[in-house]
Amino acid sequence: MQILLCRLLVVGKMNSENTTLNPLLLEHQLCFRFYTVSRLITKIYQPYLEGLGLTYVQYLVLLVLWEKDGIPVGTLVEKLGLNTNTLTPLLKRMEVAGLICRTKGTDDERKVLVTLTEKSVTLRDEAIHIPENLYKEMLELIPASVDYELMRKLLDVIIGGLKVVDKRNVRKTKD
C-alpha cells in the first residue's frame, strides 16, 4: 500500500514516451487535482447547505455530532483534521447561532465538550437527504464503470499516508 501511495503522490520523472517531465507544471501536480476536487465538492454542497444556514465546515462538525453527541473538542479536531485554533472560532460562531453548546467537562475542566442543541437536532432531519441528492448528481456525471468503493478505499489509503507524513513533519518542527 505504501508503494501505491508513493506512486500516486510523487510525480514520475519519465512519461510513457520516456521523456523527462517538468515536475513543476501544474498539470503534473496530483495535489492540484485533490485541491480542485475538494473545492468543487464544497461548491456543489453550497446550495443544499445555504438552505439550512450552514457552511460546509459547520456541516462537517454537525455530521460528527449527529454520529455521536457530547464529544470533546479534541475528538472533533482529530476527526475533521483541523487545528484547534481553526476549530475554536468556528465552534464559537456555531454556539452563537444556537447550533451547539460548549461546556467544560466534569472530570477535567480543561476538556470542553460539544453538544447538539434542539435546533441542530432538527436540522439533521432537514439534512438527511443531502448525501443522497449529491450521490444522484454525481451518478449523472461520473460513468457507471467507476467503482465508488474502490475509490473510497484508495482515498483512505492516501489520507492515512498523508496523516503519517503530517505527524512526522509536526515532530520535525518541534525538534
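Q: Is Lys-136 buried, partly exposed or exposed, and what is its relative accessibility?
A: In this predicted model, Lys-136 has 45% relative accessibility and therefore counts as partly exposed.

Q: What does Lys-136 form a salt bridge with?
A: Its partner is Glu-132, and the closest N and O atoms of the two are 3.3 Å apart. Glu-132 is partly exposed as well, at 41% relative accessibility.

Q: How many residues apart are Glu-132 and Lys-136 in helix α7?
A: They are 4 residues apart in helix α7, which covers residues 130-141, so about one helical turn separates them.

Q: How many salt bridges are there by the count?
A: The count comes to 3 salt bridges. One of them joins the side chains of Glu-149 and Arg-152, at 3.6 Å from N to O, and both of these residues lie in helix α8, 3 residues apart, which is about one turn of the helix. Another brings together the side chains of Arg-102 and Glu-95, with 3.0 Å from N to O.

Q: And are Arg-102 and Glu-95 buried, partly exposed or exposed?
A: Arg-102 is partly exposed, with a relative accessible area of 26%, and Glu-95 also counts as partly exposed, at 28% relative accessibility.

Q: What stands opposite Arg-102 in β3?
A: That is Val-114, and Val-114 is also the bridge partner of Ile-71.

Q: OK, so what is the order of the strands in the sheet?
A: The sheet is open and has 3 strands in the order β1-β3-β2, with antiparallel pairing. Strands β1 and β2 stand at the edges with a single partner strand each, so one side of each has no neighbour in the sheet.

Q: How many bridges join the strands?
A: Strand β1 (residues 71-72) pairs with β3 (residues 112-116) over 2 bridges, while 5 bridges join β2 (residues 100-104) to β3.

Q: Switching topic, how many aromatic pairs does a search of the whole structure find?
A: It finds 4 aromatic pairs. In one of them, the rings of Tyr-45 and Tyr-59 have their centres 5.5 Å apart and their planes at 45°, so this pair is tilted. Tyr-45 belongs to helix α2 (residues 30-50) and Tyr-59 to helix α3 (residues 56-67), so the pair ties together parts that are 14 residues apart in sequence.

Q: Are those two tyrosines, Tyr-45 and Tyr-59, buried or exposed?
A: Tyr-45 counts as buried at 15% relative accessibility, and Tyr-59 counts as buried at 1%. The ring of Tyr-59 also pairs with that of Trp-66, where the centres are 6.4 Å apart and the planes stand at 75°, so this pair is edge-to-face. Trp-66 is buried too.

Q: Which residues form the aromatic cluster?
A: Tyr-45, Tyr-56, Tyr-59 and Trp-66 form one aromatic cluster.

Q: What about the surface, which residues form the nonpolar patch?
A: The patch is formed by Phe-34, Met-151, Leu-155 and Ile-159, which together have about 310 Å² of accessible area. Helix α8 (residues 148-174) gives the most to this patch, with 3 residues. Met-151 lies in that helix and is partly exposed, with a relative accessible area of 34%.

Q: Last one, how many disulfides does a search of the whole structure find?
A: The search finds 0 disulfides.

How values were computed
Residues are numbered from 1 along each chain as its sequence is written. This is a predicted model: local features need pLDDT of at least 70, side-chain atom pairs count only at pLDDT 80 or more; totals for chains, interfaces and linings use all residues. Side-chain values use heavy atoms; hydrogens and water are left out. Two strands pair if DSSP finds at least two bridges between them. A disulfide is a pair of cysteine sulfur atoms within 2.5 Å. Patches are made of residues with over 30% relative accessible area and no salt bridge: like charges are joined within 9 Å, nonpolar side chains (Val, Leu, Ile, Met, Phe, Trp, Tyr) within 5 Å. Accessible areas come from the Shrake-Rupley method with a 1.4 Å probe; for residues, only the protein chains shown count as cover. A salt bridge is a side-chain nitrogen of Lys or Arg within 4 Å of a carboxyl oxygen of Asp or Glu. Buried means under 20% relative accessible area, exposed over 50%, partly exposed in between (1.4 Å probe, protein chains only). Rings of Phe, Tyr and Trp (its six-membered ring) pair if their centres lie within 6.5 Å; planes under 30 degrees apart count as stacked, over 60 as edge-to-face and the rest as tilted.
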